[in-house]
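Please read these notes with the chain open beside you. They go from the overall layout to single residues.

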Amino acid sequence: MEDQELQKSSRVVKVDSPESWNFYVSQAKNQACPIVAHFTASWCIPSVFMNSFFEDLASSYKDALFLIVDVDEVKEVARRLKVRAMPTFMFLKDGNTMDKLVGANPDEIKKRVDGFVQSSRLVHIA
C-alpha cells in the first residue's frame with residue numbers, strides 16, 4: 001500500500017516503451033518544458049542508488065519533466081541516444097540533447113540540473 005502511494009506522488013515518469021519516450025518528448029517540446037532523463041538499470045547499484053536522489057530533484061524542480069528509463073526495458077531509446085554506461089543523465093530541450101552526464105555524482109547532477117532549468121526559464125521568459 002505504501003509503495004502505491006509513493007508511486008502516485010512521484011514526479012518522475014517511467015518510460016516503458018519507445019512510443020512513450022516519443023510521447024513525453026513531444027509533449028515537453030510542445031510545452032517548452034525541459035526534460036531531465038535518468039537512464040538506469042536494475043543491476044547497476046550506482047543507478048539504483050540515484051533513484052531516490054532523482055526523485056528529490058524532481059520534487060524541487062516542478063517546471064521540468066523528469067523521466068526514468070530502464071535501458072534493459074527500452075533498449076531502442078538507449079541505443080538511439082548512445083547511452084553506454086549507467087547511470088546516464090540527459091538534459092533535453094525541444095527534443096534535442098543539450099547535455100549528458102555519466103556517473104553517480106549527486107553534487108554535479110544537482111548543479112547541472114539547476115543550471116539547465118534556470119537557463120530554460122530564461123529562454124522561456126525572453
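The numbered points below describe this predicted model.

1. Overall layout. The chain holds five helices and five strands. Followed along the sequence, these elements come in the pattern α-β-α-β-α-β-α-β-β-α.

2. Burial and surface. Of the chain's 126 residues, 41% count as buried. The accessible surface is about 7,400 Å², and carbon and sulfur atoms account for 53% of that area.

3. Contacts along the chain. Take the contacts between residues at least 6 apart in sequence: 66% of these join residues at least 24 apart. Point 6 gives one pair of residues to look at with this in mind.

4. The largest nonpolar core. This core has 22 residues, and the members that touch the most others are Trp21, Ile35, Ala37, Phe39 and Val83. Two or more residues each come from helix 2 (18-30), strand 2 (35-40), strand 3, helix 4 (75-80) and strand 4 (88-93). A second core is separate and has 18 residues, among them Val12, Met50, Tyr61 and Phe89.

5. Ile35. Which residues does Ile35 touch, not counting those up to four places away in sequence? They are Tyr24, Val25, Ala28, Leu65, Leu67, Met90, Phe91, Leu92 and Phe116.

6. Phe66. This residue lies in strand 3, which covers residues 65-70. Is Phe66 buried or exposed? Phe66 counts as buried because its relative accessibility is 0%, and the cut-off for buried is under 20%. Val12 is 54 residues away along the chain, yet the C-alpha atoms of Phe66 and Val12 are separated by 5.0 Å. Leaving aside neighbours within four places in sequence, Phe66 is in contact with Arg11, Val12, Val13, Val36, Phe54, Leu57, Ala58, Tyr61 and Val113. Val12 and Tyr61, both in that list, are included in the second core.

7. Ser120. Helix 5 spans residues 106-125 and contains Ser120. With a relative accessible area of 6%, Ser120 is buried. Its contacts, leaving aside neighbours within four places in sequence, are with Pro34 and Lys93.

8. Cysteines and disulfides. A disulfide is a covalent bond between the sulfur atoms of two cysteines. How many disulfides does the model have? The count comes to zero, where a pair would need its sulfur atoms within 2.5 Å. Cys33 is buried, with a relative accessible area of 17%. Cys44 is also buried, at 7%.

Terms used:
Residues numbered from 1 in each chain as written. Predicted model: local features only at pLDDT ≥ 70, side-chain atom pairs only at ≥ 80, totals over all residues. Heavy atoms only, no water. Helix = DSSP H or I, 4+ residues; strand = E, 2+ residues; numbered from the N terminus. Buried < 20%, exposed > 50% of the residue type's maximum accessible area, 1.4 Å probe, protein only. Contact = heavy atoms within 4.5 Å. Core = buried A, V, L, I, M, F, W, Y, C linked by side-chain atoms within 4.5 Å. Areas by Shrake-Rupley, 256 points an atom, 1.4 Å probe, with all protein chains shown as cover.
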